[in-house]
Structures are given as C-alpha cells and as structure tokens.
Amino acid sequence: EHQGTKTIETEDDFKKVTADDLSAIFHNWTSDEKVTEFLRWPTHKSIDITKRVLESWLLEYENQTFTNGPLFQKKSANLSVPVSVIELNEKTEKVHIGYCLGSRWWHCGFTSEAFTAVIAFLFEEVKVNRIETWHDPQNPNSGKVMQKCGLIYEGTLRQADWNNKGIVDACVYGILASDYRANKK
C-alpha cells in the first residue's frame, strides 16, 4: 500500500527534507569521508553535488510509490538521518533499506531511532512483508544498528556487493512482518 514519503512521528519527529536542509546535509554527512567509506557513492566535494541530489529527492517526493529519506531530526536542526528505501520488490513485498549518519553522531542512537520508526511505518502503513539490509563485514557497527532494530542476521554472501572499497562480502539482515508483530506482543 504505497504511502509515498511521509513525516514519521517519534520522540524526535523525523520528517522529509526540504531545500532549506541543503547546508546541513552537505556539512553533516555527504561531505564526510568516514560516512562514505562503506557506501556506493563518493564523498561530495562540493555543495553543488549535494544540491543536485537533494533536488532529485524533492522531485521524487511527488511520486506516491517512492518512499525515501533522508529524514531530518527537528530537535537538532543540524542533524539529518537518512534512512532510505533503496529497492522495492512488489512481487515479494520486500524493501531493501540503506542508512547513514554524520560521523560525529555515531553511537548516539539516532540511526537506530530513525530506522526503528521507518520499520514500523513500512510494516504498519505500507504493509511490506520483508525488510532487509546488508553491510560490509568491515563495518560491524552497521550490523549492530540492524540487530538493535530487530533484524536477524541471515548470513554472509561472498563478494556479493560493492562499495567505495571495491567488491565486498555482504552480511545480510532481515525481518519479516510476522517477526515484527511477534516482537510487538
């Protein structure tokens, strides 16, 4: 049940970004080499690159079949937490999630809070059956976020993914709607 990109209410009220968030997005994560080390896109060397990407997101918000971040935390106007649906497979009712956060906010719980809210939205509102995400084994803290959010480690696919380090293994985590409902009880 497509919902488009919506504001997700949590303790910190995560919302979709606007053009006004450009500077915060650039300075807090798209230009942070620590953030992009394990991602598929290069560090943004200029704010103009981030501006073009942000403009594409804003256009996609008009598409009701598009559910994407980044989400922006209102409580701290300089913090954006991108949690995005990277891939949607309607036949299997599965979404693949990606996320990142500026390195100065790592280990503060912001990514887990935002991802947990997105998980609830996807299961309760969009009615997906499966949420999955992968991480490079050399980035174990990403796996810790997945576990904290209730995803289950399902195995490691050898040389099945790529990032700024090249071809890499992929640790796969997933959660089913039935797991989510059982955990809520």
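Which residues of the largest nonpolar core touch the most other members?

1. The model under review is predicted. Its largest nonpolar core holds 30 residues, and those touching the most other members are Ile97, Phe115, Leu122 and Ile131. At least two residues of this core come from each of strands E3 (79–81), E4 (83–89), E5 (94–99) and E8 (166–176), and likewise from each of helices H4 (110–126), H5 (140–148) and H6 (177–184). Helix H4 provides the largest share, 10 residues.

2. Leaving aside residues up to four places away in sequence, Phe115 touches Val83, Ile97, Tyr99, Ile131, Thr133, Val145, Cys149 and Leu151. As general background, nonpolar side chains in soluble globular proteins tend to be buried together.

3. Five strands form an open sheet with mixed pairing, in the order E4-E5-E6-E8-E7. Strands E4 and E7 (152–163) are the edges; each has a single partner strand, so one side of each lacks a neighbour in the sheet. On average, neighbouring strands of this sheet are turned by 30° against each other, direction ignored.

4. The pairing of E4 with E5 is antiparallel and extends over six bridges. Glu87 stands opposite His96, a residue of E5. Helix H6 packs on the sheet, where H6 touches E7 and E8, and the direction of H6 makes about 55° with that of E8.

Note on methods: Residues are numbered from 1 along each chain as its sequence is written. This is a predicted model: local features need pLDDT of at least 70, side-chain atom pairs count only at pLDDT 80 or more; totals for chains, interfaces and linings use all residues. Side-chain values use heavy atoms; hydrogens and water are left out. A nonpolar core is a set of buried Ala, Val, Leu, Ile, Met, Phe, Trp, Tyr and Cys residues joined through side-chain atoms within 4.5 Å. Buried means under 20% relative accessible area, exposed over 50%, partly exposed in between (1.4 Å probe, protein chains only). Helices (H or I, at least four residues) and strands (E, at least two) are DSSP runs, numbered from the N terminus. Contact means heavy atoms within 4.5 Å. Two strands pair if DSSP finds at least two bridges between them. Axes are lines fitted to C-alpha atoms, for helices over the stretch in contact, and angles run from 0 to 180 degrees between N-to-C directions.
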